[in-house]
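Work through the exercises below with the model open beside you. Try each task before reading its solution.

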Amino acid sequence: MAKAVRWRTRWALLVARRRRPGMHRLQHILQHALGLDEHGMGESYRNYFVTGAGSTDFPLCRELVGMGMMRQSIGNGITGGDDVFRVT
């Protein structure tokens with residue numbers, strides 16, 4: 001549960017610092033990566049998001065990497081070659 005509280009705190013700081021259209025998509029990716037519901041609630045049971053260069057989510061994940069919210073790892077056979085993004 002401490003991870004979920006830390007994540008919500010970081011997200012609140014990020015939103016306060018940088019409000020712009022499309023932030024809900026970034027929030028959705030972080031929530032999905034952590035296994036949380038659409039309200040950011042629930043028990044976090046994972047910490048990854050798999051997507052590839054051809055996906056609409058890929059540039060959003062790269063943006064989150066640039067913000068320091070995610071880390072990117074090169075894909076492998078298990079991920080079908082797509083990259084793995086983890087919430088920091």
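This is a predicted model: local features need pLDDT of at least 70, side-chain atom pairs count only at pLDDT 80 or more; totals for chains, interfaces and linings use all residues.

**Exercise 1. Describe the chain as a whole.**

Step 1. Count the elements: the protein chain has 3 helices and 3 strands.
Step 2. The pattern reads α-α-β-α-β-β.
Step 3. Look at burial. The chain has 88 residues, and 35% of them count as buried.
Step 4. The accessible area is about 5,500 Å², and carbon and sulfur atoms hold 56% of it (areas come from the Shrake-Rupley method with a 1.4 Å probe; for residues, only the protein chains shown count as cover).
Step 5. Look at contacts (heavy atoms within 4.5 Å). Take those between residues at least 6 apart in sequence: 45% of them join residues at least 24 apart.

**Exercise 2. Which residues of α3 are buried, and how are they arranged?**

Step 1. α3 covers residues 57-66, and its buried residues are D57, F58, L60, C61 and L64.
Step 2. Look down the axis of α3. The buried residues fall within an arc of 165°, so they line one face of the helix (the arc is that of the directions from the helix axis to the C-beta atoms).
Step 3. Recall helix geometry. An α-helix has 3.6 residues a turn, so residues three or four places apart point the same way.
Step 4. Find the cover. The elements over these buried residues include α2 (23-34), β1 (49-51), β2 (70-73) and β3 (83-87).
Step 5. Go past the helix end. G68 follows α3 and has a positive phi, near 85°.

**Exercise 3. Trace the strand pairing.**

Step 1. Start with β1 and β3. They run antiparallel and are joined by 3 bridges (two strands pair if DSSP finds at least two bridges between them).
Step 2. Name a pair here: V50 has V84 in β3 as its bridge partner.
Step 3. Turn to β2 and β3. They also pair in the antiparallel sense, with 4 bridges between them.
Step 4. Opposite R71 stands R86 in β3.
Step 5. Check the burial of β3. Of its 5 residues, 4 are buried, so β3 is largely enclosed by the rest of the structure.

**Exercise 4. Find the largest nonpolar core and its main contributors.**

Step 1. Apply the criterion: buried Ala, Val, Leu, Ile, Met, Phe, Trp, Tyr and Cys residues joined through side-chain atoms within 4.5 Å.
Step 2. The largest such core has 17 residues, and I29, F49, L64 and M70 have the most contacts inside it.
Step 3. Assign elements. α2, α3 and β3 each give at least two residues to this core, and α2 gives the most, with 6.
Step 4. Inspect M70. Beyond four places in sequence, its contacts include I29, F49, L64 and F85.

**Exercise 5. Is T51 buried or exposed, and what does it touch?**

Step 1. T51 is in strand β1.
Step 2. Its relative accessibility is 4%, so T51 counts as buried.
Step 3. The side chains of T51 and S55 form a polar contact of 3.1 Å (N or O atoms within 3.5 Å; within protein, one must be able to donate a hydrogen and the other to accept it, and residues adjacent in sequence count only if both atoms are side-chain atoms).
Step 4. Set aside neighbours within four places in sequence. T51 then contacts D57, F58, C61, D82, D83 and F85.

**Exercise 6. Compare M41 and Y45.**

Step 1. M41 is in the loop between α2 and β1, and Y45 is in the loop between α2 and β1.
Step 2. M41 is partly exposed at 40% relative accessibility, whereas Y45 is exposed at 59%.
Step 3. Beyond four places in sequence, Y45 touches L34 and G35.

Key: Residues are numbered from 1 along each chain as its sequence is written. Side-chain values use heavy atoms; hydrogens and water are left out. Buried means under 20% relative accessible area, exposed over 50%, partly exposed in between (1.4 Å probe, protein chains only).
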